[in-house]
Amino acid sequence: MMEKNTSEGPACSPEETTSESAKVPTAEPPGEVAVSESTGEEQVPKPQAPAPQGPAASTATKSAPPSEDVPSAPLLLTLEDVSNSSVTVSWEPPERLGRLGLQGYVLELCREGALEWVPVSARPMMVTQQTVRNLALGDKFLLRVSAVSSAGAGPPAMLDQPIHIRENIEAPKIRVPRHLRQTYIRQVGETVNLQIPFQGKPKPQAKWTHNGHALDSQRVSVRTRDQDSILFIRSAQRSDSGRYELTVCVEDLEAKAVIDILVIEKPGPPSSIRLLDVWGCNAALQWTPPQDTGNTELLGYTVQKADKKTGQWFTVLERYHPTTCTISDLIIGNSYSFRVFSENLCGLSASATVTKELAHIQKADIAAKPKGFIERDFSEAPSFTQPLADHTSTPGYSTQLFCSVRASPKPKIIWMKNKMEIQGNPKYRALSEQGVCTLEIRKPSPFDSGVYTCKAINVLGEASVDCRLEVKASATH
């Protein structure tokens, strides 16, 4: 019976325990089993079979079926979980528990390169799931489990593939800073210092390329740490422009990030400029774009003019995109020079292209043609724009009558009471200013009541307006 069990298992027998048993990891089923440090003598005993009697008996023993007292192999041994320090397996009870009943299960492991199977726990455990802990990174071993009764251990169930303990793999990820998600622009001579964070387990391997080629170590330095990679250029040149690609690898997994760098400088001046035409107070210019734009697109041109007398330059156009323009409002009798600058993100070109010839603004012969002046006749007969209004007054209080008249030439104003002129009477004072006619009656009495008339007369005609004045007498008691 003993030989049968051995022949059906792997090359290593559960009874064959050596000094490696002291290195057995902790197995913790749901009931928290303690670490086993037992030696070979402490293993679950195997049932002892009677010694064979001769060759025939030995042959009969090997070919005989397993004893009904020993359980069959557990079913569905499955690897549930593997971490960087533990392994969890589970199984189902065997089909046949044996006549003596089941005492538990024994989980064993055999390390790569070893011949001995080492039990994980000192005693059989009545569980169908166990966790082997305290494993070291790099461990590689096989696992098997056997059902045990008082008659001995049955045939084991073993995993098909060895288990390899290694650090948990976390897919690499690159977190590109926001300001690097668009083209990163630097000027010639400035430093480039890019810090790109990433993550992944185990420690990722980072690699940089420039336009698909390896970096020039004489110009670019790279320092990669556990969680980021730094690309540094002390003094950027235009040749450093291009696409930089960072590749972060964790085993067979990788992540990539692309960063576009553009190194620019001031553009050159326009290639040439000429004066096309001069007419009136205008001058037409034309120029050609610069040969060197500074490694970036132009923002336009700046056009300036200078009077030959003063020599001072004044800006006429800024960030002007066409290559032809017309300068207007030039002063007659002066001569002008013109120059054009190119402009990009770095600013204006260091120099400008200046016209070789001057633009002379000639004085034109101008003959004055005075137009005949037609004098307008503003003569007008008198007409009242504001008539007199009826009025009631209190005796003893001065009263004024008002009206407005319009006439050209200036009319003569005549005041009348009850159609009788009152000119020269000291009781009345007549005023006429800017067409407003006023008659003041000083301390009127009931005798002054009546109809008052204002008449305006000039050579073109006359007009008059009337009103009634009533002076109430004081009540007497």
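A residue is called partly exposed when its relative accessible area lies between the buried class, under 20%, and the exposed class, over 50%. The model described here is predicted. In it, Arg225 has a relative accessible area of 36% and is therefore partly exposed. Asp228 is buried, because its relative accessibility is 9%. The side chains of Arg225 and Asp228 meet in a salt bridge, with N and O 2.7 Å apart.

The whole structure holds 15 salt bridges. One of them joins Lys203 to Asp226, with the closest N and O atoms at 3.4 Å. This pair links distant parts of the chain, 23 residues apart. Lys203 sits in the loop between β13 and β14, and Asp226 in the loop between β16 and β17. Lys203 and Asp226 are both exposed.

A further salt bridge brings together the side chains of Arg238 and Asp292, at 3.2 Å from N to O. Arg238 lies in the loop between β17 and β18, Asp292 in the loop between β21 and β22, so the pair ties together parts that are 54 residues apart in sequence. Arg238 is partly exposed at 28% relative accessibility. Asp292, at 31%, is also partly exposed. Arg238 and Asp292 belong to a network of salt bridges that includes Glu265.

Strands β36 (residues 450-458) and β37 (residues 461-471) run antiparallel and are joined by nine bridges. Ile457 has Glu462 in β37 as its bridge partner.

Key. Residues are numbered from 1 along each chain as its sequence is written. This is a predicted model: local features need pLDDT of at least 70, side-chain atom pairs count only at pLDDT 80 or more; totals for chains, interfaces and linings use all residues. Side-chain values use heavy atoms; hydrogens and water are left out. Two strands pair if DSSP finds at least two bridges between them. Helices (H or I, at least four residues) and strands (E, at least two) are DSSP runs, numbered from the N terminus. A salt bridge is a side-chain nitrogen of Lys or Arg within 4 Å of a carboxyl oxygen of Asp or Glu. Buried means under 20% relative accessible area, exposed over 50%, partly exposed in between (1.4 Å probe, protein chains only).
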